[in-house]
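Hi everyone, thanks for coming. I'd like to walk you through one model this morning, so please have a look at the screen.

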Amino acid sequence: MDKESYLKKLKESIDILSDILDTQNYGMCLVDEAGRIVKWNYERLFGKKEADVLGKPVESVIENTRLHIVAKTGKKELFSLQKIGESYVIANRIPIIFNGESVGAAGTIIYKDTKELAEAWHYVERAQNNLKAYKSELAKMYQARYHFEDIKTIHPKMEELKHLCQVVSATQATVLLQGESGTGKELFAQAIHNASLVSQEPFVSINCASIPKDLLESELFGYEGGAFTGARREGKIGKFELAGRGTLFLDELGAMPLEMQAKLLRVLENQEFERVGGNKKIALKARIIAATNEHLSRAVADGRFRSDLYYRLSVVSVELPPLRERMEDLPELCMSLLSLLQKKYNMGKFPASISTQVLTVLKRHDWPGNVRELRNVMERAVILSEGHEIRVCHLPEYLQKLSMHNVEMDADAEGTGFGETMDSRPAAEGSYYYREIGRLERQMIVRALKECRGNRSEAAKKLGIHRSVMYKKMKDLNILTLPEGTQPHG
């Protein structure tokens, strides 16, 4: 085949694509090695018919063209601005090579006017901005609030668990959180998410016990339009898709039906899922954190939970202790809750402290509802308190009864007046409870002073108490010297 035949064959191929190549926003012109037009697909673009331009030098037909130059040099020119009349177009000029020799050139124009390109770009830019705004709103809607610093503890076991979860947060490992209701499983889950590399992505939570079993699959995986009776025509996105590259928190996992457990296992193994009624595979990108208030190993032994799913989820297993097993955390938890509740109800500095008698009563309770129950107790006390200090009379009735019962026991043991309330009679000097509460308060104040480099005002603020209360407690607890390495000020 000679070069003329090659060029002719190329022209015939272009003829087949003429409807595609000749539009208002796209066109094509083919010239031979001398720069004469042999194929013209610019009729709609320039309003000139092919019969009127064939065989003419391209430079006499297209203003400011360089096609004839490219046909001679054999060097392509891409995305060049070319002025035609009062407008600019974007032109591509590509040499036609045959047996290593340039035998012509093909020219294309994208957009009749660069203004149209600008409009198209602005359209794309608006779409991208809308997508970013949507993702931002989604992340805000499904945002984790808690961090590891929000987990208040001095208990060795809890400190160990915090450290373990901080290490795990840097990975994509699946985490299983186990513990009684109210021990802070979701708090740990949110802290893990916020310490991870995807903290800006959504944190999506679903309570497996609160969703009817026949709806759980569609809640998790979503569904296509018309997948079942009552389904939305446009379909619905599921929690796995909502989580994106973030975290999916499966709470109350032990309540998940066995048939749903099998589907979840398959998703975790294959790292992909399908919407209900759909056949498109969707990649699983989210990290899975699961939580349960029962020991799943027992549920496995009873046949209520799949062993293969249990082992798949418990790559890292964390068992949170109940509050009754870490009572040394009680004073710090109370002060932390007091500070949070003051902000919630906009109460400023009041109440500023918790009486020693209240801490004594709280420590005698076994807290079946754990930290959640403690928060409810503190919330009631903050609302009812009208002074600087939370007292026994601000506690729920069942704790006030506990207070009365224990005062009667103390009275019988110590020979004091029967029936005195703990608010009217402080704990006996030198008693076990008095010494224990004093030790814990002293420990908290000394730690706060260390962290604030001896600044008493800052330490009081950190503890959530008024500065005058801080000075009084320091005097009562005989904290006369500041921690080593600090200077007294504030």
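**A short tour of the backbone and side chains**

Let's begin at Gly-222, which comes just after helix 9 and takes a positive phi of about 80°. Keep in mind, please, that this is a predicted model. Now step back into the helix itself. Which residues of helix 9 are buried? Helix 9 covers residues 213-221, and its buried residues are Leu-216, Ser-218, Glu-219, Leu-220 and Phe-221.

Take Asn-64: its phi is positive, about 60°, although it is not a glycine. You'll find Asn-64 in the loop between helix 4 (50-53) and helix 5 (67-73). Is Asn-64 buried or partly exposed? With a relative accessible area of 48%, Asn-64 is partly exposed.

Gln-271 is another one to look at. Its phi is near 60°, again a positive value in a residue other than glycine. Gln-271 sits in the loop between helix 11 (258-270) and strand 11 (272-273). Gln-271 counts as partly exposed, because its relative accessibility is 37%.

Now over to the surface. Leu-78, Phe-79 and Ile-94 make a nonpolar surface patch of about 310 Å². Leu-78 belongs to strand 3, which runs over residues 77-84. At a relative accessible area of 43%, Leu-78 is partly exposed.

On to the charged side chains, for those of you who like salt bridges. How many does the structure hold? The number is 18, and I'll show you a few.

Asp-32 pairs with Arg-36 in a salt bridge whose closest N and O atoms are 3.3 Å apart. Look at the two ends of this pair. Asp-32 has 11% relative accessibility, so it counts as buried, the cut-off for that being under 20%. Arg-36, at 40%, counts as partly exposed.

Next, Lys-281 and Glu-274 form a salt bridge, with 2.8 Å between the closest N and O atoms. Glu-274 counts as partly exposed at 30% relative accessibility.

Then we have Arg-391 with Glu-389, where the closest N and O atoms of the salt bridge are 3.5 Å apart. Here Arg-391 is partly exposed, with a relative accessible area of 31%, and Glu-389 also counts as partly exposed, at 28%.

I'll finish with a network. Which residues does it link? Arg-66, Glu-77 and Arg-93 are joined there by salt bridges.

Key:
Residues are numbered from 1 along each chain as its sequence is written. This is a predicted model: local features need pLDDT of at least 70, side-chain atom pairs count only at pLDDT 80 or more; totals for chains, interfaces and linings use all residues. Side-chain values use heavy atoms; hydrogens and water are left out. Buried means under 20% relative accessible area, exposed over 50%, partly exposed in between (1.4 Å probe, protein chains only). Helices (H or I, at least four residues) and strands (E, at least two) are DSSP runs, numbered from the N terminus. Patches are made of residues with over 30% relative accessible area and no salt bridge: like charges are joined within 9 Å, nonpolar side chains (Val, Leu, Ile, Met, Phe, Trp, Tyr) within 5 Å. Accessible areas come from the Shrake-Rupley method with a 1.4 Å probe; for residues, only the protein chains shown count as cover. A salt bridge is a side-chain nitrogen of Lys or Arg within 4 Å of a carboxyl oxygen of Asp or Glu.
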